[in-house]
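Here's a quick briefing to read with the model open beside you.

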Amino acid sequence: MQKRYLPLALLALSPFASADECGNVTIADMNWNSATLIANVDKFILENGYGCDAELVPGDTMPTGISMTEKGEPDIAPEFWSNSHKEMLEKGVSEKKLRFAGKAFAEGGEEGFWIPKYMVEKHPELATIEGVKANAKLFPHPEDDSKSGFMTCPSGWTCQITAGHLFNALNLEDAGFEMVDPGSGAALAGSIARAYDREKPWFGYYWSPTPVLGRYDMVKVDFGVEADPVHYEACITQEGCESPKVTAYPPSAVNTITTESFATETPEAYAYIANRAYPNADMSAMMAWMEENQADGEIAALEFLESYPQLWSQWVPADVAAKVKDAL
């Protein structure tokens, strides 16, 4: 498994305090691979590095957020996609019940238009959207090779709206492209797998971190502009937007949320939660490993801790890292 590490400066580390007994801690274990991996890593580090009595409790985004705000439990929601629940979270913060501890993913949730790396190696100009448009014939439509194909999101998904507006703003139809609805998320992932296994062309929408981008080396196409979050929210995400403009996808906010009581009563443990952020490429690689090995969060946490010590040891003081390594 290829490993990539962020420089210390990018992890925004704060001064460490030495670990101490931290008492009982509850962690939301949400039912998707990245979230359950993070929850189990947190449990292992908090128990073995900080002396916490850590417990995983079943969780999901909305009910966990409501429970943390109204009941003060669980203490930690390791992976919370914040944009869709912004009002609830900000209300909890203003009432001093919740705290945004930090990023779950270093680059946030990452969306874009992607092509396989082997195509860019052969045609470097394809790394930009202008290069893709100039070479549209390299991407034949799966049902009509007189046209070029762009694989969009399945019907009914929000990303079909955003990808469609950006498809129009980028004038991809004028370049000869036609959108292809894969029908389902599994079919979208399968289209990348089939193309990669045969080294065939592929151009379309996808997001990270995901097992697919952990398994297949894809290049995100450069739109040539920075992200415009205001226009993205006001227009690109809205079905009725009539004048979409080109913008890079802004990163989706994926935070770790804690209760205010956990942050104030266990500052050493909170410092770890606030310092840790998973690089998207590493998380995608771990999610692919989980699928390939049919591993649950507990097994995946051990694999991560043993395979990425240079990464997670940056999140904790040296004495805590030593305890965690001894426990492994």
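A polar contact here is a pair of N or O atoms within 3.5 Å, and within protein one of them must be able to donate a hydrogen and the other to accept it. With that in hand, look at the start of helix 13: Asp296 caps its N-terminal end, with a side-chain oxygen 3.3 Å from the backbone nitrogen of Glu298. Bear in mind throughout that this is a predicted model.

- Helix 13 covers residues 297-307, and its buried residues are Gly297, Ala300, Ala301, Phe304, Leu305 and Ser307.
- What sits over those buried residues? The cover includes helix 1 (33-50), helix 12 (280-293) and helix 14 (309-312).

**The largest pocket**

- The largest pocket comes out at a volume of about 950 Å³.
- It is lined by 32 residues, and the closest to its centre are Trp81, Asn83, Glu111, Tyr205 and Ser252.
- The elements giving two or more residues to the lining are strand 3 (76-81), strand 5 (110-116), helix 6 (158-169), strand 8 (204-208) and helix 9 (229-236).
- Helix 9 supplies the largest share of that lining, with four residues.
- By type, the lining residues split into 16 nonpolar, eleven polar and five charged.

**Cis peptide bonds**

- Glu73 and Pro74 are joined by a cis peptide bond, with omega at about -5 degrees.
- Pro74 belongs to the loop between helix 2 (61-71) and strand 3.
- Another cis peptide bond links Ser208 to Pro209, and here omega is about 5 degrees.
- You'll find Pro209 in the loop between strand 8 and helix 8 (211-215).

- Asn171 isn't a glycine, yet its phi is positive, at about 55 degrees.
- Asn171 lies in the loop that runs between helix 6 and strand 7 (177-180).
- Asn171 counts as partly exposed because its relative accessibility is 40%, and that class runs between the 20% and 50% cut-offs.
- Glu199 also isn't a glycine and has a positive phi of about 55 degrees.
- Its place is the loop between helix 7 (185-198) and strand 8.
- Is Glu199 buried or exposed? At 57% relative accessibility, Glu199 counts as exposed, since that class takes in values over 50%.

Terms used
Residues are numbered from 1 along each chain as its sequence is written. This is a predicted model: local features need pLDDT of at least 70, side-chain atom pairs count only at pLDDT 80 or more; totals for chains, interfaces and linings use all residues. Side-chain values use heavy atoms; hydrogens and water are left out. Buried means under 20% relative accessible area, exposed over 50%, partly exposed in between (1.4 Å probe, protein chains only). Contact means heavy atoms within 4.5 Å. On a 1 Å grid over the protein atoms alone, a cavity is a set of points where a 1.4 Å probe fits but cannot get out, and a pocket is an open set with protein on both sides within 12 Å along at least five of seven lines; lining residues have an atom within 4 Å of a point. Grid points are joined across faces, edges and corners, and a volume is the space filled by probe spheres set on the points. Ala, Val, Leu, Ile, Met, Phe, Trp, Tyr, Cys and Pro count as nonpolar, Asp, Glu, Lys and Arg as charged, and the others, Gly among them, as polar.
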